[in-house]
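The exercises below are meant to be worked with the sequence and the coordinates open side by side.

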Amino acid sequence: MNAVFYIAAAVAAVSTIMVVSRSNAVYSLLYLIVSLLSVALIFFVLGAPFIAALEVIIYAGAIMVLFVFTIMMLNLGPQTAEQERKWLSGRAWAGPSILVAILMAEMLYVLWGGDHQVEGRHIVEPKEVSVALYGPYVMIVELSSMLLLGGLVAAYHLGRRVHGDGKEQQP
Amino acid sequence: MGLLSWLIAVPFITTLAVIFTPASQWKAVRWISAVGTGIQLALTALLTYRYWIAAAPDTTATMVAKLTKLYFVERIPWFESLGIQYFVGVDGISVSMIILTSIIIFTGTLASWNVESRTKEFFALLLLLVTGVFGVFVSFDLFLFFMFYELAVLPMYLLIGIWGTGPKEYSAMKLTLMLLVGSAFVLVGLFAMYHVSGLHTFDLQALAGASFSKDFQTWVFPLIFVGFGVLGALYPFHTWSPDGHSSAPTAVSMLHAGVLMKLGGYGALRIGVYLLPEGAKAWGLFFMGLTTINILYGSLGAVMQKDLKYFTAYSSVSHCGFVLFGVATLTVMGLKGAVLQMFSHGIMTGLFFGLIGMVYGRTHTRLIPDMGGLAKVMPWLATSFYIAGLASLGLPGLAGFVAETHVFLGGFFGNPWSNPTATGVLTILATMSIVVTAVYVLRGLATVFQGPITVAEYETLTDATLPEKIATGMLIATLVFVGVVPQYFITLIEASVMPMINRLSMGS
Amino acid sequence: MLMLPEIIVVVTAMAVLVADLFLTERLRMGVTWLSLAGLAVAAGAVFATPMNGSMFGGQFVVDAVGWWFKLFFVISGFFTVLLSMDLLHGRTTCRMRGIGSPGEYYTVLLFTISGMMYLVSARDMVLLYVSLELATIPLFALAAWRREDIRSGEAGLKYVIVGALASAFILYGLGLIYGLTGQISLDAARVLKGSPAFWFAAAMLTAGIGFKLTLVPFHLWAADVFEGAPMPITAYLSVASKGTGLAFMFQLFFRMMGGWVHDWALMIALFAAVTMTLGNCVAIVQHNIKRFMAFSAISHAGVFIMGFLGPHDYGVPAMLFYLLAYIASTLALFAGIVWYSNETGRETIRDYRGLSRTNPLMALAMMLALFSLAGIPPLSGFVGKFFLFSVAAGAGFHWLVGIAAVNSTIALYNYLRIVREMYIEPVHEDGPAAPASWSLSITTAVLTTALVLLGIIPFFYNAINGSTIAWLSAVLPH
């Protein structure tokens, strides 16, 4: 039944638009989480439970990090308490909550054993994913690892502090 | 390596020799250049002799057949897949232009004997420029032609920018940019011909065999003519010329007005009229009109000038107008006259600019009203100046007369493709410029050389030195030679314009 | 072993990273030698690989065009290392703080080179995308390498944001293509018929590549990034981002959208006209040499894509040849610019005044490079431009040839501004004291010779042309 897919896709689209259009970073982040969750559900109904799980685990983890960074960048001060109080107002969480509620309903429906697969889809198990990655696509995996290493080395250089005397300090 | 390759190689090797001479040896640089251009002159003499022997007609019947083909041809494939080759050869037009260039660069080297700042760079650039000029005159492959054409234009920027006088940077930039916009037009035309012909070759002779439609020729011809016309100071694209010439150092003015501007007329003739005869017929009258403006405007402009160099530069605009006018007449007489005018104006204006440089080196002014009575202290220079002046107003017995007569006759009798009344009227208008020329030349020269000496310091000035005498003497001898016995030149040129005339009359 | 060149570059990168940990400060130069040696061996390996063959079930393919691109990338990487070494090892008169860390610098540089090499061999959308990221993400860091310089940081940040945007475009386009074909092979997309989704994908991909290749209107990042990046990286960016963009465009127009390139000729011609005109016109008002070079690079992007217009048996070799000429000329010019900036720390065009008096050879080399970029005969830049213009004319775009030729004149005006400073203006009272180091001298000498000879000796063009003929018959629709 395709309705599950379409509802999840609509939730994803709406929440992503909200991410871009919010002026407050924290609001945007809330919508971003909703957006990622709905994408995970889309993956699930498309027959990729493994990717769906990864989406939730990695992005939820990453989102938390992003969240922490944002809080750090917004200078902490006496106004923060006031700010946090505002976040608890209805306007901030009502939207995401409604969207998440829709997702929740869908999830319950799927858990109940409802007909959720998009027609004609073959369910890709984790084993198949691994075989593909380390079989025909091993070069891409290797290349990605080089990309990560390159990024790491670069981040290491950029993150290193320089003392006043110009000497470099190990982090 | 054939004779023509040597003609390109000798100036280039001389350039390299100059570059590798240490800058402290700047006196040696002059000698290297003089020897190099001297060898070039000797090679040119050899080329002329061998061409004359090879092409000498036994009978009138063989004359056209013998003189119309190319001699000393060298073909080496270059970028084969694109139909680009190293293809050099000469016909009568090329030979006469090569003679002109050799004489001018040799005398130009002598005339720049006293360039003392950055001598090495000066001669290197001058010789590089001349390499390009020789290359253009012998190239029969359009890629090669265009390559040498741009090579000849660019060193001018530095030559004027570094060693020039007055608003030199402005003039240099204006000159370079205008000429390159001109070559942009040419480039569009070249590519259009290359692709539309379907032959995939840049070989000029092979392209002549292509059948271009009349519509195609009608839109390409003006691109080629105007593109080359910019270098030939075609009105209204001539504005770089007075500024450029007046700012340039002596040898550069000589070379530029004497030879480089001829590349414009040469290109318009060789590529424009030869490859696109139908286009030429469609646009002939229009360009005759423009060049008539050129001729009149240039001569009237010269009347107003106070500066000797501006004076000569405007007169060059007028005289180069004759070249393009001759080309636009599309008659045997006119084309012959155009080539003759290229030659005679080259020599004459070279002489003019050389002399101006020599006079300026002594008086340190170029303003006509500031000078007077100079003939008393520098009789050689004054006499030479008068001869050049008389040649430019078309005195019989000097080269200018032969050329201008041909051009006017060609224009007056007209061609079958243009309105005869219009061509006649335009020719008569153009002829009037001779009167104006007489006015400004005689008045200007009289002010400078006749009468009492106006400034006391001028009393102590000296006449021409030996290199200067050699330089001016050579140029005057050429002027007189062509003026008195023009038939050699006319034979040389006449047969070579015949292919163009044949193509013109074929279509109608 | 088809992948040998890539493997050599990657192994060199790893070796440099590890060696950097063990080398003492005195022996730190070793990493430079290691990088140079690795790239030289990689260039040899490229030569040794055949011009056709495939690996990994057709995901990785070497063909004639890829072969040439790889050679160009390795060569530009090699000379970038030569340009960088003085600055990285503190051998300059004008010390620049916060640049250092040669080991990491070379590692990251080598990674980007390997990414570019994988990009041209990729025949699979995922590999194509990952290798594109490998080629660009480390470049973000290189642009921001001078940590203490706020402009360098700004350059890095701008590059990240724009690069991410471009990646998003490309990814979206690739995603749509995948959705249409259900396969990740690049060639699978060639049979696609026109449909709105397909055209949307094509637009997305073109926009994404437009960012990489700095086509107008996707060029806005270039000037700031070029200005902020360290000088050798500016040099590398101006050749590498061009090369990568062009290679990606080959993948797009000759493989994924293979059947459509003729129908889009007008669009390409418009892009070319707008890009070169805007690049050249904005360059007129630039005073900083890096920004100037950025706009020069933009205008050259417009010249490059003219090669996609016309008869491809002319266009492909012409683009490759011009890329070679462009790399030689740009890097030769940058050798002079890097030297000047190393010695004096200044980088405005006015500062070059009188250089021909104090350092005639360097000024001569720079002038030749500038003239080659402007397309003045007989230098290779002229020959390359001539061929590309001819391609446009062959496709019937005579107006574009006119615009391009007029643009060459504007470009010449721009380049003459530098020549004017070097040759006509009086000497700068505080010019560079030291002559160029051996590495910069070698770079200048080799590349200047190359830029002169490439256009005169027909061997190079004929070699490119000869090897691409077979390629074209395999790639182009009949």
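**Exercise 1. A helix pair in chain C**

In which hand of crossing, left-handed or right-handed, does helix 6 of chain C pass helix 8 of chain C?

Solution. The model is a predicted one, and this applies to every step that follows. Helix 6 of chain C passes helix 8 of chain C in a left-handed crossing. The contact draws on C:Arg151, C:Ser152, C:Glu154, C:Ala155, C:Lys158, C:Tyr159 and C:Val162 from helix 6 of chain C, and on C:Trp221, C:Asp224, C:Val225, C:Glu227 and C:Gly228 from helix 8 of chain C. Sorted by class, this contact has five nonpolar, two polar and five charged residues. Two packed helices are described by the angle between their axes and the distance between the axes. For helix 6 (residues 150–181) and helix 8 (residues 221–228) of chain C, the angle is about 145 degrees and the axes are 7 Å apart.

**Exercise 2. Contacts between chains**

Determine which chains touch, and describe the sides that they present to one another.

Solution. Begin with the pair that does not touch: chain A and chain B have their nearest C-alpha atoms 39 Å apart. Of the two pairs of chains that touch, chains B and C have the most contacts between them.

Next, take that pair in detail, where 26 residues of chain C are in contact with 27 residues of chain B. On the chain C side, the elements that give two or more residues are helix 15 (380–394), helix 16 (398–423) and helix 18 (459–475), and the largest share, twelve residues, comes from helix 16 of chain C. By class, this side of chain C has 17 nonpolar, eight polar and one charged residues.

Finally, turn to chain A, of which 17 residues are in contact with 27 residues of chain C. The side of chain A that touches chain C has eleven nonpolar, five polar and one charged residues.

**Exercise 3. The overall form of chains B and C**

Solution. Chain B has 20 helices and two strands. Its radius of gyration is 22 Å, close to the 23 Å that the globule rule gives for 508 residues, so chain B is as compact as a globular protein of that length. The C-alpha trace of chain B spans about 70 × 55 × 45 Å along its principal axes, and 63% of the 508 residues count as buried. Among contacts in chain B between residues at least 6 apart in sequence, 80% join residues at least 24 apart.

Chain C has 18 helices and two strands. Its radius of gyration of 21 Å is close to the 23 Å given by the globule rule for 478 residues, so chain C is as compact as a globular protein of that length. Along its principal axes the C-alpha trace of chain C spans about 65 × 55 × 40 Å, and buried residues make up 65% of the 478 residues.

**Exercise 4. The surroundings of one residue**

Is B:Met348 buried or exposed, and which residues does B:Met348 touch?

Solution. First, locate B:Met348 in helix 15 (residues 332–363) of chain B. Counting then gives 31 other C-beta atoms within 10 Å, and since the cut-off for burial is 20 or more, B:Met348 is buried. Leaving aside residues up to four places away in sequence, B:Met348 touches B:Ala388, B:Ala391, B:Ser392, B:Ala399, B:Gly400 and B:Leu479. Lastly, the C-alpha atoms of B:Met348 and B:Gly258 are separated by 7.7 Å, although the two residues are 90 residues apart along the chain.

Notes. Residues numbered from 1 in each chain as written. Chains lettered and ligands numbered in written order. Predicted model: local features only at pLDDT ≥ 70, side-chain atom pairs only at ≥ 80, totals over all residues. Contact = placed C-beta atoms within 7 Å. Helix = DSSP H or I, 4+ residues; strand = E, 2+ residues; numbered from the N terminus. Nonpolar A, V, L, I, M, F, W, Y, C, P; charged D, E, K, R; others polar. Axes fitted to C-alpha atoms, helices over the stretch in contact; angles between N-to-C directions. Left-handed = near helix turned anticlockwise from the far one by under 90°. Rg over C-alpha atoms; globule rule 2.2 N^0.38 Å. Buried ≥ 20, exposed ≤ 12 C-beta atoms within 10 Å, placed from the backbone.
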